[in-house]
Every structure is written in C-alpha cells, then in structure tokens.
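Hello,

Here is the structure you will be working with. Please open it first and keep it beside you while you read the notes below.

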Amino acid sequence: MFALKTFFQSLYLVASILPLTIDAAPRAKRQANCACPANGFTAQEKQGLVDRHNFHRANVNPPASDMTRMVWDDDLANCDAQAYANRCIWAHGTVDLTGCPYDFSTPQYRGQNLWARTAFSAQKPTNLATNVVDSLHAENQYYNYASNTCNNGKVCGHYTQLVWANSYRLGCGIAYCTTGSPFAQSQNWWNVVCHYFPGGNYQGQKPYKSGQGCSQCPSGSGGCSNDGRLCISSYECTMNPSACGGGGCNKQCVNGNLNTQTCTCICNQGWTGTLCDQQVCTKNCGVNGYLNSQSCTCICNQGWTGTLCDQPVGGGCTKNCGANGYLNTQTCTCICNQGWTGTLCDQQVCNKNCGANGYLNTQTCTCICNQGWTGTLCDQQVCNKNCGANGYLNSQTCTCICNQGWTGPLCDQQTCTKNCGVNGYLNSQTCTCICNQGWTGTLCDQPVGGGCTKNCGANGYLNSQTCTCVCNQGWTGTLCDQRVCNKQCVYGTLDSQSCTCNCFPRWGGALCDQYLGGGCNKQCIHGYLDYPRCTCVCQTGWTGPTCNQRKSSACNKECKHGFLRTSDCKCICNDLWMGELCDKRESSVCTKECKHGFLRTSDCKCICDDLWTGELCDKRESSVCNKECQHGFLRTSDCKCICDDLWTGELCDRREFSACNKECKYGFLRTSDCKCVCDDLWTGELCDRRESTACNKECQHGFLRTSDCKCICDDLWTGELCDRRESSVCNKECQHGFLRTSDCKCICDDLWTGELCDKRESSACYKECKYGFLRTSDCTCICDDLWTGELCDRSESSACNKECQHGFLRTSDCKCICDDLWTGELCDKRESSLCTRECKYGFLRTSDCKCICDDLWTGELCDKRESQNTSDCRKECQHGWLRPSDCTCVCDDLWSGELCDMSDSTPCNKTCGAHGWLRISDCACVCDDLWNGVLCDRWECPNQCVRGTQRPDCSCQCPPGWTGLDCNTPSTMCQKNCGPHGTLHVPSCTCRCEPGWRGALCTQQLGVCTKTCMNGVVNPATCTCLCYPGWTGPTCSQRGCNKNCVNGQLQPDCTCSCRPGWTGDLCDQPLKLLTF
C-alpha cells in the first residue's frame, strides 16, 4: 500500500483543484454518536459521480477482466465522507465509527480521494461529477500497467484507487468551507471527499487483472453488465436484485427468453447458442447432397444442382409437392395451397399473433405468455392488485372495492380532507388537527386569546398571519433571539451564545483542532478512556469522572411517542418523533408507505422484508414457489400463504367475516382469536397497561421472564436466581472461560488456553485481578461486588475495613480467610508446621515442604554440590552464601572475610531497591539486567534510539521517514522482512510478531514465562516484574518504600534507624549536643 499527496493548479484561472488519496485512512477521534449529516450532493450529482467512475473503469487500457461496477452507498457517503468533509480540514483522515452499525466501520480501511477548488460564492459549481472524477483520472497518462509503476516525479495514486477492481462501493460528500483553506489566495473553498470500500492501493499489487471483460469476475458475483465490461458485485445484487436479472443472473438472450431459475436461455425456433445468437440451419439437402452447417448451403452430388440439390443437371424435375400444393415445372418449385408452406408444401402456416406479451411456439402453434399475462393470444392481464385490509378485489374488473373511509386504486388513502394549514398537523387516524402552541380551532386557524403577542425583537419581524417570527440573516429561534453559529469544534463543545469553542484539555485553537501536548493518566474503572478528551466513557449503569459510581436504577421517564429501553433508560421514538421524551415532531416531508418493510427516516428509504423489493417494498422477488397470495405474503420455507387480517384461503383470496377491530397499543393483534399479544413489560386486554416493575430479580446464570417474575436458568444451573450448579457428569471448572455442556469442553476467554483455560497466552496484558475478572479488550479488571482498585484488591467503603496480610477478606462476615501456613485475625502469623527444613543453598517451597536448590547444588537440604569438571569447592560461608562459579563467599550485610566470618566495623546502609542487590565487600549495588544507577533505580535499554522515542520494551518508535532498530535508516519504501514469525504492517513499516516472538524483525524468541506480577507487569525479555509505583518485591506484592536513609538503615515499617549522632526522617540532620 502507498499513500500519495499532490498539489496542482487548475487550467482554469478562476480556481485551483487539489486531489489526493490514501490507502488506509488514519482513524480520527471518536464521535459522540453515530448520527449522519445530510449529504451535500443532489440525487442527480450522486448518479453522475457513480456513472463517471464506471465510465472510466469500463474503458481502462489494457481492458480489465475482474473490474466490478461501482454503486452508491448512502451510509458510506453520509456517515463517513460527508461527516469528514464538514470538518473543512485539508488532510487525510476519516471518522471513527467504532460501534456504529455499518460493515465498513470495522478495521477494514476505506480508500479516500480529496478534491478542492476555490469558491467565489456558496453556489455549487456546475459539472461537478465530470470535473472531480476526470481530474483524478487524468493521472492515467503517467501510469504504466505492465510494470505497475508511475513516471518519476508524477502521482498516480488517485487514478489507481479510481480503477481498483475490488472497490465496488462509493460514497462522496461536499462542504462549502470558510476555514482551513489550502489556497493562499482564497479563504472560501469547496471540499469534496470520496470514500471507497473496500479500499485499494496495496503495495506491489496492480489495480486490476487484464483480459477479456468479465472473464475473471469474483466468486459469487451477479453476472456481467450489458456491455460485457464490468462485473456486477453480489452486494449490488443484494441491494437491487433487478440489476442481476433475478437471482444474480444477468444473461442477455438475443433471440429467446431467460429462465431465471436455471440462468439459461430458452431460444426461439431457428436459433441456438448459450445466448440464442446463432441461427439454426434447417435446410434439407435430401439424398442428392449434404449440408455445410457453417455456410448453411447444400453441397450437391454429381448430376444435381439447386439450393436443395433437388434439380437434376441438364433438366428434369422430380419434386413431390404432395396434396398441399402443385409443381411449377418451369421453375421446379412447389406452389402451396393456402395455409401451407415449405419447399415441398409440407409445413402448416401458423397465423397466431401473440402480441408484445408473449411469443409463438411454431411447433405447437401456441402462445407462450410473459409473466403477468394469460389467454390464448396473451392478451389478458393477470390481476395481482393488493387492496390490503381496507378493501377487497373485484377480480373480473381488476379493481379494488374500498371500505368506508378509504379510497385510492389500492384502498390505501384515507378519506380525510381536513387542511390544518401551517399552524398544526393532521392526525390521520382520528382525522383531527393537532394545533401548534398559540393556535386553536378545528383547523388550527384561530389564535389563542384572539391575537398574536410575539415580540421578535430587533433581529426579525412578525408575520401576523401565521404568528411566527421571520428572522434576519444570522439569527434563529422562535423569537429570533438565538445567533446562528456554524462553527464545528473538533475536540471541544460549542457555546452557541458566544459562538466560541470550549476546548477539551490539551487542545486549543479557534476550532479546538490544535494539539497542545501532554498526557492523560486517568484510570476508567467501568468504561474506557477517550484519550483526546481525557474523559471516561462509562459502561451502562455507571457514571462519575472515573466511571466508579453506579447509576440509580430507578428510571421514571415517560416516552410520549415511543417506548422506554430500560437497559440505558433511553426513549426509542416512533417514526417522525424525536427528543429525550419522544415529544418533539421531526420536520419531515417523507410520507412514503413501505408495504412490506419499514421506513428508515434518516434517508427516507424503505428497508424491505425478505422476498420483497422495490421503492415501496411492493414488488415480490422471484422465487421457486410460484403461488400468488392475493392478500398476504408467501412464506417460502413451506410455500404457504400467510394471510393479512380479515383474509383466509390457500391464496388469501377469501374475506373473513369478523367483528374483531381491537387496537393493541403496545403489541399486535392475533386475528385467529382476536387477542392482543403484548410487547415486553406491557399487559392488559389492549396492551395498554405497564407491568408491575416491582420484579427486580437478578438471574445469575439465565434471564428474567417478566410475565411471572421467574428466572429461566441456563443449562446446568438451577435455583430461584439461577445461582446453584446442577449435578452433572461433566464437572470441569474452567478457570478463565465457560463450560460448553454439549461436549464438556472449556471455551476460553481471550488470552487464555489449555483444557481448563488455566494457561495464559503470551500477551502484553499480564494483569491478575484478585477479586474479579480481566476484560482483555482494554486490559481492565472488572471487580466483584464490594471490591475496587486497578487489580480489584481494595475493599469498597464498608463497615469492614480489615486488611488481610496473607489471605483475602470474606465480606459476608468480615473475616480473613488465610493462605496455607498463615493464621491470625489478619492472617499475619505463620502457623507452626511440621515442615521445619532449612534449605542451605536454595529456598523452601511450603506447598510440598520441598527445597528448591540453586544452580550447582542438590540434596534434600540443598547442601550437596553437583559434580563439576572444575575443582571441588568445599568452602563453608559462615554469614553468606557460596557463589560456585568462582568458589567465592558472598557475605551478608555487616560481614566480610573469605568465609564471611569477620564482622564489619563500618556497616553499609545502601538500599538497592527491587532491581539489584547489595555487595557488602565494596558497599556497591549490583543491578539486574536493563537497570543501572548507584541504587539500581534507572531503567537502561541496551539499544539507544538515534531518532524517535524509546518504548517501555526498549524498542524504538521511529519518526516518519526513518526505520531500523535505532531509527537511523532512511525509509523511502518499506522493505522489511519479518520472517516466518511476523507480518509486515506497511503504514508504520513495523513487524507484528506472533505470540512468543519479539524484536524489530520478530527474530527473538521469548522464553516461557509464567510469573504473575500482583501489582505490575511482566518484562518478557527478562521474565521479571516491573512494579507499579508504591510496590516492590519479586512479584510486586510488597508495599514499596522509596526512602533513602542517608546515615542509617531502612526498617521494615519504612522508617529510618539512624546511626549515633544523626537524626531526622532520613537521618540527614546532625544531632546537636548541649554542653554544660
């Protein structure tokens, strides 16, 4: 993949045009929601952009064999391209749509082309589609397909993205911008953004495969375009089945008809071939010659001539015209009687005329009718009108007989003729006017109080007829008292009163688009960190600056025109309604009625049910089951008609006689027994009463059935709250996952493996949550009730404040449950144990009372030296330990001598911390790997970065244009070889290593490290713990103390014990003596 940027001047003197493209648009910061702005292009301009793209894609040179036809994607255009165009930033990027319901919001990237020109007014330029696309396509003159290269100094990335074969969805947006102009001579400019999905411009790949058009279409495609150049994608077939000729078949039968079920051509008489484009030759050359099928001519035997070899050479005619004609001996041809034809008058003439609604089968002399027509001459139209529930069909006249109160060809228009004017709107169900505030009357034409007393102030004037304020330019609001502000604050909030941006921390500038630097150390307990804003986005049910406060569970909202979603206490509004309580009517001119689907109000588009298509979801897709349900729909699974209310019969063509006219408020009417089937949380005969919310059970392993407030338990669980496991043959306990009972197998959480999900996969996240579980998606501990802290190791505020030293606190009775070998109220006293061994050169593992010996030592007490090739070392160090590599005694504090048998007169009081040990002989700290300093308190990396910054794992983060282990190698093109244990990430030119491998080229294998750091993370390079501030010890389980006792020794309680003559918290103040 490669990214290109270029600037060039237009040939026009009035404008400058700048296109650019990217391969993987870097993700911008998260939006507050998934709302999509209105698109700036008209429907005609959108079609023009698609058509111009497809024109250039169909005419590439050399021709393409796998080029797909592009289609417009409203979501890609509005929610991605238009949203980015509105920012008025001349730079590559896109909108973070994580969590939004679009398939392109996944990590798959979108290609991007940008185009700009100066603007002299807010009126859009003409011929936009041609100008934008042709300027991008102009780079084809510099591109060499054979070598897949671009001329030196030239740019080709815009062209290659435009003709990238696998990019089949297009979405563009346009914005009129007054800030961020890339033109020095003009502040106002037009910003056009086009996004392509999937994106193109992969490094080393050609944009398409050359060859005959549509000869290498992708698997599952819907055929070929009419001109034979562009493949029709399966996505286009799904969105518009009619484009694929039914079922993804797009054959064009020249002299025949298409069978969409088998995707084969049924040829008319006299034609053959897969497309019925080859004429059948029916000449009969008789016994006096043979047929040349290629030229459809008779090759006559010697002595015979004529087109059918039926004339003897030199005269004589032996034709037999039979009883249906007579022989003309002069021309040796048959003159046929009326109704007969053929060279021998043996073929009967068929005079039927099947018209334009069918075709003639000449062999049987019958008409084969097109779909929707019948009759011997295909002149009778099949009546498939659907009169709905508001009328019935008169099949003889093919007209709908409407019920009282309804009209229209399909009885779908209510006969309510009221005109509520501009001061209200019509409730079509009750045929009454709902008046705006300040108006009354049956037609909302009478002002309340008999007059209009609005005061529009100095920023507008009053329209007394409508009692509304007409605002001056730059002002809005019902009283023209709100200033129009078009600013868009990128990382901040808009103060509409002053029309200024209030920026988030670490962001500045008039539009909050300038990064001021600085980090964010906030910890979000129950949520994730929005890093640019340095704020926590909390999970459902949590609030507070760090998402550590549980929300009140009482939700008392009343949604006026919608229903309440209790999971987040949010109103889900009905169509045409909006607002927090669904009490504000949307301004909309979308009055479509989707017959078999629902209306998506964001773009006024019908989303059709299965097997239905068309703008109003009123056209049935082709299907193997050819029933036609008059008043209902066809269930294809069993080819059965599911009838509308008040209709019955195999084809739903018989009207029921029913007096069931209930209206179910929050549910649907089951006509079989005239009963309302209510939605969740609603009850009553008409589903108009909310169920009692006193049922607040929490089912541990199951779900709550609200109808009887009963927990329905998952497999293997029982009890009133589904909190007791059933006895089962399969009694595995999965440590980090769940048990699939069907095969008694543990399904492991992310980063865990093993039969019991008890082995951690290699990962950068090594936290161990003490009283909770690890959410691997963001490496966060989700704590059990009454526990908190980064590792779920701190009890929440409670009447029980005990701290158990070697165990855990059982909050039910505020009692410490101690680890093995520990006792006492706080688990701070070691039990007397039968295991009293003293391991001389090693340590005691208390779990099995076994000595784990140091290198070169063995024996039950680690007191026997292993056999070595070197000389036998038999020293016995009195106050220290023997280092076998050089047979030297390493003495304890305050001891020295060859056998550590002499007491030091000058004690050494250094503290080397958690990353080294004190060598008493010279009072020096011997540091662990990667640490240095007098007290082993400074991190040291073996590799130094010449350019860039050092990461915690000692790797270098190189700036753009540099690469290498030390960021000292220029990188014009990334040519890294990550070997068999890594993959190359081209945008950053870095290797992504497999688990168990590290290094810039994934060539360094990590050892198996099973260490668990209680309050820190594992350094995989050394298999040591890097402790969080305030913690120390091999497993970061000891409270750290960073004191440095200058003239004394550090005690276990983090206090300094000073030498004689010194005092102070750090033993750094001389003791003043008073003399008398």
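The largest nonpolar core in this predicted model has 33 residues, and Leu-49, Met-67 and Leu-170 have the most contacts inside it. Helices α1, α3 and α4 and strands β8 and β9 each supply at least two residues of this core. The largest share, five residues, comes from α3. In soluble globular proteins, nonpolar side chains tend to be buried together.

Beyond its neighbours within four places in sequence, Leu-170 is in contact with several residues, including Leu-49, Val-50, Met-70, Trp-72, Cys-194 and Tyr-196. A second, separate core has 21 residues, among them Val-95, Leu-97, Phe-104 and Ala-116.

Why is helix α3 described as largely enclosed by the rest of the structure? The helix runs over residues 128–137, and seven of its ten residues are buried, so the rest of the structure largely encloses it. Those buried residues are Leu-128, Ala-129, Val-132, Val-133, Ser-135, Leu-136 and His-137. Their cover includes α1 (43–58), β5 (111–118), α4 (157–162), β8 (169–177) and β9 (189–197).

Now the whole chain. The protein chain contains five helices and 105 strands. Of its 1076 residues, 30% count as buried. The chain exposes about 65000 Å², of which carbon and sulfur atoms supply 48%.

A search of the whole structure finds 57 disulfides.

- Cys-281 and Cys-296: the sulfur atoms are 1.9 Å apart, and the link is right-handed, with 85 degrees about the S-S bond. Cys-281 is in the loop between β13 and β14, and Cys-296 is in the loop between β14 and β15. Cys-296 counts as partly exposed, at 26% relative accessibility.
- Cys-350 and Cys-365: the sulfur atoms are 1.8 Å apart. The torsion about the S-S bond is about 80 degrees, so this disulfide is right-handed. Cys-350 counts as partly exposed at 21% relative accessibility, and Cys-365 is partly exposed at 26%.
- Cys-1027 and Cys-1036: the sulfur atoms are 2.1 Å apart, and the link is left-handed, with -90 degrees about the S-S bond. Cys-1027 is partly exposed, with a relative accessible area of 23%, whereas Cys-1036 is buried, at 0%.

Last, the record. An unreviewed UniProt entry lists "domain: EGF-like" for several spans, including residues 298–309 and 991–1002. In the model, residues 298–309 are 0% helix and 42% strand, and the end C-alpha atoms lie 7 Å apart. Residues 991–1002 are also 0% helix and 42% strand, with end C-alpha atoms 7 Å apart.

Regards

Conventions
Residues numbered from 1 in each chain as written. Predicted model: local features only at pLDDT ≥ 70, side-chain atom pairs only at ≥ 80, totals over all residues. Heavy atoms only, no water. Helix = DSSP H or I, 4+ residues; strand = E, 2+ residues; numbered from the N terminus. Buried < 20%, exposed > 50% of the residue type's maximum accessible area, 1.4 Å probe, protein only. Areas by Shrake-Rupley, 256 points an atom, 1.4 Å probe, with all protein chains shown as cover. UniProt positions renumbered as here; feature names shortened; annotations may be inferred. Contact = heavy atoms within 4.5 Å. Core = buried A, V, L, I, M, F, W, Y, C linked by side-chain atoms within 4.5 Å. Disulfide = S-S within 2.5 Å.
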